[in-house]
Amino acid sequence: MKLTIRKKNWPLREPFIIARGTYTTSDVIIVELQDGQFVGRGEAAGVDYHGETPDSMLAQVEAVRGKIEAGLTRAELLQLLPIGGARNALDAALWDLEAKRTGRRAWDLAGVGNTREIASAITIGIRSIDGYEQAARGLAHYRWIKIKVSAEDPLACVAAVRRGAPNSRLIVDANQAWDVPTLYSLGPKLAELRVDLLEQPVKVGGDDDLVVGQSPIPVCADEAIDTIDDLPRLKSRYEFVNIKLDKTGGLTAALELARAARAEGMRLMVGCMVTGSVGMAPGMVLAQLCEVVDLDGPLLQAEDWPNPIQYDRTGVMSWPSPALWG
C-alpha cells in the first residue's frame, strides 16, 4: 500500500459567514491509498472548533504512515487514530479502495443500498436582512434551505428568507449563539414561519435546561455530538443528531453512531464541513439512514473535483460515479 497525502484550498463562491467566523476558502486534506492498480481517495476539512487544521491532520497521518502502508482495516483504523478529519479522510479512502477492489459500490458494502433519493439543503450564510431575502429568492427552487443566524435579530433573518422562499423547508442554524430562554422565546414565532428544524441553537454545555418536546420545532445537536458516548447525555435534550464524518472520524464510526442513535429513539441528520465532492460522497452513504440532509459543500465552492456530484435545481444529488468515489 502506498499513501499519498496533500493539502488543498478550495475557493468559495462568496465569503461564508456563520456565528463562529468568516471563511473565504475551504482548506482540506486529500488522502490517496494505492494498492496495485487500485486507488482509494478521501477528503476532509477537519473540525476547526476542535482545533484541527490541514497541517495538524497531515501530521497525524504522517505519524502513522508505516502502519497505514503495511495495510490495515477500517476497524483497525478506529483504534489507530482518534476522531477527527485525519481518520475521516483515511476511512473514506479505505471504503473507496474496497469498492474498487471488489467492483461493488460503497452503499452495498455498507448494507444500506442507494434506493432513497438524496435532496440536500443549500446554506445561506449570515448577511443583511435584505441580503437574506435576495439570496432566498435565488434559491427558492431548493426543497431545503439552511439559514445561518447569530444572536442579532434572528427572527427578522428567518422571516426574510421565508419571504424569498415561501415553499422551501427551513433549517435554522445558530451555531451555539443563543441560550435556552432565547430558544424557547423564539420557538413559537419560528414555528409560525414554518421552520422545520433548529440546529444547535444553544452552547454546548449550556443545554442542561433543554427538554425534548418543549420547543414547537425539533432541536438538533451538532457541535454537542461527536460519538456514541455523547448519546446518553443528549437523548433527553435533542430530538435530532447531526452526524458529520469529520466529527465521528469517518463513515465507519458514523454508521455505528447512526444506528445507536436510532436505537435510542433519536432522529438523524447528516451534515458536512465544506469540502469538494470526494468529501460529500461518503456522506451520501450515511444519508440513506437520515431524514434531513445537508451535503452542500460543493455548492458553496467555486471549484470542485473532476466528475463531481451533480445537484439538480431542487437539491437532489446524483450518485457519485465510480471515477469519483465508492
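Is Q200 buried or exposed? Q200 is buried, with a relative accessible area of 0%; buried here means under 20% relative accessible area, exposed over 50%, and partly exposed in between, using a 1.4 Å probe and protein chains only. You will find Q200 in the loop between β7 (195-199) and β8 (219-221). Although Q200 is not a glycine, its phi is positive, at about 35 degrees.

Before going further, a word on the model: it is predicted, so local features need pLDDT of at least 70 and side-chain atom pairs count only at pLDDT 80 or more, while totals for chains, interfaces and linings use all residues. Residues are numbered from 1 along each chain as its sequence is written, and side-chain values use heavy atoms, leaving out hydrogens and water.

Now look at N307, in the segment after α13 (297-300). N307 is not a glycine either, yet has a positive phi of about 50 degrees. N307 is partly exposed, with a relative accessible area of 46%.

Stepping back, the protein has 13 helices and eleven strands, which are DSSP runs numbered from the N terminus (helices H or I, at least four residues; strands E, at least two). Its radius of gyration, taken over C-alpha atoms, is 19 Å, close to the 20 Å that the globule rule gives for 326 residues, so the protein is as compact as a globular protein of that length. That rule is 2.2 Å times the number of residues to the power 0.38. Of the 326 residues, 57% count as buried.
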